[in-house]
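Hi there,

Here is the structure we talked about, for you to open and explore. Please have a look at it first, and then read my notes below.

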Amino acid sequence: MNQSTVKKSLLTNAFKWLVLCLVVGLLSGVVSALFLVSLQWVTTYRETHLWLLWFLPIGGLLIGLSYHYFGKEVVKGNNLILEEYEHPKDIIPFKMAPLVLIGTLLTHFFGGSAGREGTAVQMGSAIADQFSKIFSLTKYERRTLLIIGISAGFASVFGTPVAGALFAIEVLFFSKVNYRSLIPSFVTAFIAYYTVELLHVQHTHYTISYIPKINLVNLAWTLPIGILCGLTAMLFSKTTHFFERLFSKNISFPPLRPLLGGVILSIAFYTASATKFSGIGVSTIVDAFQHPSGHFDFLWKLLFTCFTLGAGFKGGEVTPLFFIGATLGSALSGIIPLPMALLAGMGFVAVFAGATHTPIACTAMGMELFGFDCGLYIGLSCLIAYFCSGSMGIYSSQIVRGPKHYLYQKLLRANFENL
């Protein structure tokens, strides 16, 4: 093959990926904008009509029936995306996108405690994967396509393009990632992010007005925060998987799981006067940066979210993890001598880092959301939480290796040899 042919091939390939990044970014941005606007509407409506919580079982039944009869192939959600990346088999059905969109809106309309990242990531990945056939991509190229679908969905729904691009790589970090995917991931993330911006859809803004001087004493306080966030992330993952097993083991007909779960949740929200833990909870997250949270707010949100997702409702885990981390950090402001807003911000991303095994992406997210000045505090808390969160994460199909995995294996071997 002569030089001109090689150059032509490279240009053709570059143009192909530019088109793919542009199309996937634009489409993901548009659907994320639609989703964010719709989510804001259903949340506002429910908050002014709290009686809708009593109809959560009906919403759960509708979600269960829709997936049982129309979406059995996509019911695994984010885990299906991770599995298709690791062992490519079939194109992800496009129906994943409308099913998860409708399912998430129903969950939030009736007050289920869930997030939104799962919805955006699944919509972005389902849209992206449709181009595998159109462009006759190889299985290696298809992996890159799935990466840009993840990055587009994450970046557009949270307004964090750098974190979105890094998250897509890091969540798959030990699954045969081709680092040539890094550039398409960043390009698509920024296209999706600016698409949402151009449509004038607002993301939530958080403020940390004061960052204390960086010294050994202040940095030392990141150790207990990181440890607590890591343990909280581990508790969240284990509790979610526990409820999933509990429902699947005891209720054989899947649509009945969210129906029964909805009944229990509706009663619990009212009898425990815990309606603040229904829905997505963004207002409580914002408040955690300004006022000390209740000591057990993080634990209540953890239990309600794990039960909601374990029962089969749709949405995601990440925004609830933000809620849990921010309220945990805010509550610790009465004990740890660091600014409350900084503690809330550290918890916000550190619990997420531990639950998804993505400390680099979470550090980037913290700096994008709160400013670069808090980067060292954010980064240390994320890293410590990552090492303290165990080997299980919120995505059961995620391959967890790397520094934490090898450290745990070394400790296990050492303990075994001492027996």
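Below are my notes on a helix, a surface patch, some aromatic rings and the salt bridges.

Before the details, please keep in mind that this is a predicted model, in which local features need pLDDT of at least 70 and side-chain atom pairs count only at pLDDT 80 or more, while totals for chains, interfaces and linings use all residues. Residues are numbered from 1 along each chain as its sequence is written, and side-chain values use heavy atoms, with hydrogens and water left out.

Let's begin with helix 18, residues 375-388. Helices here are DSSP runs of H or I with at least four residues, numbered from the N terminus. Just after helix 18, Gly-390 has a positive phi of about 80 degrees.

Next, the surface. A nonpolar patch there has about 830 Å² of accessible area together, and among its members are Trp-51, Trp-54, Phe-55 and Ile-267. Patch residues have over 30% relative accessible area and no salt bridge, with nonpolar side chains (Val, Leu, Ile, Met, Phe, Trp, Tyr) joined within 5 Å and like charges within 9 Å. The areas come from the Shrake-Rupley method with a 1.4 Å probe, and for residues only the protein chains shown count as cover. Helix 12 (256-271) and helix 2 (56-70) each supply at least two residues of the patch, and helix 12 gives the largest share, 4 residues. Phe-55 sits in the loop between helix 1 (3-47) and helix 2 and is partly exposed at 40%.

Now the rings. There are 31 aromatic pairs in the structure. Rings of Phe, Tyr and Trp (its six-membered ring) pair if their centres lie within 6.5 Å; planes under 30 degrees apart are stacked, over 60 edge-to-face, and the rest tilted. Trp-54 and Tyr-270 are stacked, because their ring centres are 4.6 Å apart and their planes meet at 5 degrees. This pair links distant parts of the chain, 216 residues apart, with Trp-54 in the loop between helix 1 and helix 2 and Tyr-270 in helix 12. Lysines meet rings too: Lys-314 lies over the face of Tyr-67, at 4.4 Å from the ring centre. The rule is that NZ of Lys or CZ of Arg is within 6 Å of the ring centre and within 35 degrees of the ring normal.

How many salt bridges does a search of the whole structure find? It finds 6, each a side-chain nitrogen of Lys or Arg within 4 Å of a carboxyl oxygen of Asp or Glu. One of them joins Arg-142 and Glu-84 at 3.0 Å, N to O. Arg-142 lies in helix 7 (residues 139-158) and Glu-84 in helix 3, so the pair ties together parts that are 58 residues apart in sequence. Both Arg-142 and Glu-84 are buried. Another bridge pairs Lys-276 with Asp-297, with the closest N and O atoms 3.1 Å apart. Lys-276 is partly exposed at 39%, whereas Asp-297 is buried at 12%.

Enjoy exploring!

Best wishes

Notes:
The expected span of a helix is 1.5 Å times one less than its number of residues. Buried means under 20% relative accessible area, exposed over 50%, partly exposed in between (1.4 Å probe, protein chains only).
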